[in-house]
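Student: I am new to this structure. Can we read it together, step by step?

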Amino acid sequence: MGDFQPSIIAFTCAWCGYPSAVLAGVNRIEYPTGVNIVRVMCTGMIEPAYIMRALEYGADGVVLVGCMMENCHYMVGNKKAQERADTLRPLLDMMGIGAGRLRTEWINASERVRFAAAMKDFSVALKGLGPNPLGRLGEGGVEAGH
Amino acid sequence: MAEEEMTGGKGRVGVYLCTCRGDVSKHIDLDRLAAELSADPAVAFVKIDSELCAPSGQGALQKTHREGRADRALVGACTPNIQGLIMRAALEGAGLNKYLYEQVNLRELCAWVHADREAATDKAVRLMRAAIARSLLLEALEDIELDVVPEALVIGGGVAGMQAALEIASRGFAAHIVERTGALGGRAYKLSVTFPTHNCGICCMQYCRECVLTPKIEDVMQNPRITVHLNSEIETIEGGFGDRNVVIRTPGGKKELRVGTIILASGSDVFDASRIPEYGFGVHQDVVTTMDLERMLEQERVIGGRFVRPSDGKTTPMTVNFIQCVGSRDRVKGNLHCSLVCCTYAIGQAREIKKLHPKTEVYVHYIDLRGPYRGFEEFYEQAKAEGVMFVRGRVAEVREKKGRLYVLFEDTDLGRLIDMPSDLVVLAVGQEPARDSDRIAKMLHLQLDQDKFIKDLNPNFPPEYRRGVFVAGCAEGPKGIRYSIDDAKTAAAAAADLMVAGKIRKTRAIAVVDETRCRGCGKCEDVCEYHAAKVVVKNGRQVSVRDPARCEGCGVCAAQCCNRAISIKHNTRPQMEALMKAMMAKGGAGARGKGEEA
Amino acid sequence: MSEKVVKRIIQDTHAFDCVECGKCTSVCPMTRHKKDFAPRLIVVKAMDSPSVETLARERDLWACTTCGTCSAMCPYKVDYTEFIRAMRAEGALLDVTPDCSQGGLLHSMMRMMAKGELVQDRLGWAKPPLRVAEKGDIYYFTGCSRHMAQVFEDRRGIDIGSVPASAVRIMNAAGVVPAVSRNEVCCGHDLNWVGDEDNFAALVDKNVAAIKATGAKTVVFTCPEGLRTFSKDYPVVAQDELPFKAVHISELLAGWIMEGRLRFKQTKMKVTYHDACRLGRHMGVYDPPREVLRAIPGLELVEMENIREKCLCCGVSGWISCDADTKLLQMDKLMEAKRTGAETMLSFCPKCQLHLNCARADNVPVERALIDIPVQDFTVFVANALEESK
């Protein structure tokens, strides 16, 4: 398990999440290579099906990084994202995937340290949970139908 | 630096990598990256440049694109939000549709945050592959063109509002000022002399009521392009960028306005000093605010009366104590933020008292003296020279003992607790967001900052993001008169720019509804913040439609729709799924499902 | 090659026997509102141009809910539903995929159960005083209604999450302690019907192994889809002959009621009953649920105009085919139910309940009063009607 480098898909919103990641880069703040950033306009655009897909494709963890509550650029997007994540988590537990594989982080565009810290923290937590029980896409098991 | 190129398969994606003058190539093995990517059948070529954003780099992009080997471009470089716009514009100049442009941030999101070069390169491969999978599914799109109604709405008739209206009118457009009270001028009009002169001996043309404000109000009232609605409030603002329907409540009934731009200059309110009971405002007559003091000073300076204590109406105060930071820098009973101008105007008033009554002792009790404006230091030195006394230490309490007012404080420089008798206590009250401004901010989809003032979008963002709405003056945060007016000029100029252009190009990355899948359930309508979604009856059935002027492309409705009837252009599900799949796939480039083999 | 495949499917489903009589069209629920839709047309197209590539992309192939009303009425017993399923499976091999509701979330969930070695919380509901066992002659198939209840937790007015608990409560009351297994996975119905044969096969293997380990000879279902899948589709796919047979809880209930093992309290209510496709037309179970309802004192069963073989489909199957046309169909269904004067419509199928409830809750193109009849789960209803014993 020492070698296990968790793969994380981080959906970052264009207004707060993504800029905070960029600023982390500007400040050369390191975080694990397993973090893959997907830029979306708003975390409110992330439907639960995307999160499931990400897990189906083998991501060990999924995190939604958006604006702080009450500060969403589109007013309610992050709130919807939070609700959807809250509905999905018990399902992930029921399925044995684990609610701990889905996180939400609501941060400010300037909070570069928080961004990097959140990624590191998630990575560590995922190391504890172990790899996604579904395995990575294309590695044994049955291919996804779609 | 010489460009390198590797030719791949018969793919359509042209890949351009940038070494960022060595800064990226130091941390990512771009040669290996290029080799791995060019093996992907979807890639037409991979070119490496040292500085894509420089003129040489832009030229190289254009030259290569014109060769016609690829119909879309993927750049692996820095952040798409900044330099990426340069590269995209260069390729647009060579004929590439801007929606066929994709950029991966290999610098801030990879090179600069991972120490292990091998691992960083692996990640770069992964990110680029994912982007290739997405770019194959991109569609060429055209921006939407919207008309801008050549009329502006100015909310608030204070100095910022008036200035904005005058600027807009001077450029030939109509402006409506909606003012809540019965008069223009706002709070600045209630001030009698303003920083920095406080001395009308020379012609200063600052913002004093007598010299400047009154004539400005007359200008506004007489301007044929400006309509002033006094005693009026905003009821609703609907509509989208460039075309908004505003309903206002006036004494004469409801009125509807149609405007293209909006300037929110709703100002700020003064802190209610009774919220700090230990200062005794509202309890002791001789405890007043700086605004009250204006009226009192006016009596003597202008009207020919006398500056007297309110309690008896006849004696001149011989000891005046200014308490600074009332309601500001106070986490418990007030607001945390500093109100910027109180030190300045309190010192001005202190000097004024000294001028009228040199024998009166004037104390200014402060924690810090903050005067961020030009001339303040000299102003402060003058005040001291004129005998105003500055005492460091926040006043704890104002109380009455045996018919006399006492001010209790610790002089922190001397380290002594002092209970000083006072004839007049002046509370330098801070500024707060104006009552009801949050409701208007919500209607205009503006956020509030940590102090609940209205956050205007960074002017560096392209104009289409500001949606024709601008915030000016104290609505955005406490500031002095001069700066409110500057703000107003900037806002008015930006608004006028839009109206002069008459049209705005809006991103096409907005929601579209597949009417065969839409069930007309209305969930999207419920969830859309911008009222861009509406369920209408078409061909006998209920379907949801979009107003392209209002839709922001946030995607909240698309995620809410349980039947995949809504997609966001340029952010479609297939694009997202292809991206994620490629990102997580292990093994060969361009891996697809088993359907490929058959 | 593709032609051969199509021809084989036509042969297997007796599609050649179609005489174009149009009887299927007249009873097909989709034809009511979908322009130019007719079950026989897809067969005609297949015979005209037997190409998987084109057929797999036909709207009609995916718009069909496979309710089976056509086959039930067809004088030549053409197996339309199997035709559709088999054609879809061929389409899936070409990566032709339908757009699903919920963004495909449910299908993702099922594929994950098929692919992964997951340790699920399948039995969190089986807490005392409910009695279940690790081994036994009778196995209760929990199914995914609780998973779906979680996905749809914001929907008001339905309760499918309580189904397993209700079922076991009833069984316990009849003196039966069923076996259950935490290694159970989704029955695979939806994946089977969208043509994902690979993942379906994986689910079959897992479930057969899980049930075998309990030693059960009878598998009891509350869910019609689970029942149909185990009865008809598992034997086709499973490697060896299945050591158990599938039965619906209503069949057992009817028997237990006759034996006097169950007693119900006075429930003065008017209800109507929805014959879910997979229970009625697919499995022929029409009478046992009605017998159960008749055994509840005070309960009055009022039937809709279209029942049994002609019962109107709820409009959606496999999370595909949901659109504006099916919404109108759902309006028809709800209006028909409301017209009976019943206070509630009972159904065994959690999917029917979800879909009809969704249709009710939305913006509706008709007057709300005409469709405002709640849809309840049959098993939960019966469990609540049990006389409190002890």
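Student: Among contacts in chain B between residues at least 6 apart in sequence, what percentage join residues at least 24 apart?

Tutor: First, a caution: this is a predicted model. Now the figure: 71% of those contacts in chain B join residues at least 24 apart.

Student: What is the figure for contacts in chain C?

Tutor: In chain C, 81% of the contacts between residues at least 6 apart link residues at least 24 apart. For chain A, residues 24 or more positions apart make up 79% of the contacts with a separation of 6 or more.

Student: What radius of gyration does chain C have?

Tutor: Chain C has 21 Å. A compact globule of 390 residues would be near 21 Å, so the two agree. The box for the C-alpha atoms of chain C is roughly 65 × 50 × 40 Å, again along the principal axes.

Student: What share of the residues in chain A is buried?

Tutor: Count a residue as buried if 20 or more other C-beta atoms lie within 10 Å of its own. In chain A, 67% of the 146 residues are buried. In chain B, 49% of the 598 residues count as buried. In chain C, buried residues are 55% of the 390.

Student: Which residues touch the most other members of the largest nonpolar core?

Tutor: Start with the general idea. In soluble globular proteins, nonpolar side chains tend to be buried together. Here the largest nonpolar core has 258 residues, and A:I9, A:A10, A:C13, A:M45 and C:M113 touch the most other members. Helix α5 of chain B, residues 117–135, gives the most to this core, with eight residues.

Student: What is A:M45 in contact with, leaving aside its neighbours within four places in sequence?

Tutor: Its partners include A:V40 in chain A. In chain B, A:M45 is in contact with B:C554, B:G555, B:V556, B:A558, B:A559, B:I568 and B:N571. There is also a second, separate core of 60 residues, which includes B:V154, B:A160, B:A475 and B:A549.

Student: How many residues of chain A are in contact with chain C?

Tutor: To read an interface, take each side in turn. Here 22 residues of chain A are in contact with 29 residues of chain C. On the chain A side, the elements giving two or more residues are α2 (48–56) and α3 (77–95). Of the elements there, α3(A) gives the most, with six residues.

Student: How do the residues on that side of chain A divide?

Tutor: The side of chain A that touches chain C has 12 nonpolar, five polar and five charged residues.

How values were computed
Residues numbered from 1 in each chain as written. Chains lettered and ligands numbered in written order. Predicted model: local features only at pLDDT ≥ 70, side-chain atom pairs only at ≥ 80, totals over all residues. Contact = placed C-beta atoms within 7 Å. Helix = DSSP H or I, 4+ residues; strand = E, 2+ residues; numbered from the N terminus. Nonpolar A, V, L, I, M, F, W, Y, C, P; charged D, E, K, R; others polar. Rg over C-alpha atoms; globule rule 2.2 N^0.38 Å. Buried ≥ 20, exposed ≤ 12 C-beta atoms within 10 Å, placed from the backbone. Core = buried A, V, L, I, M, F, W, Y, C linked by C-beta atoms within 7 Å.
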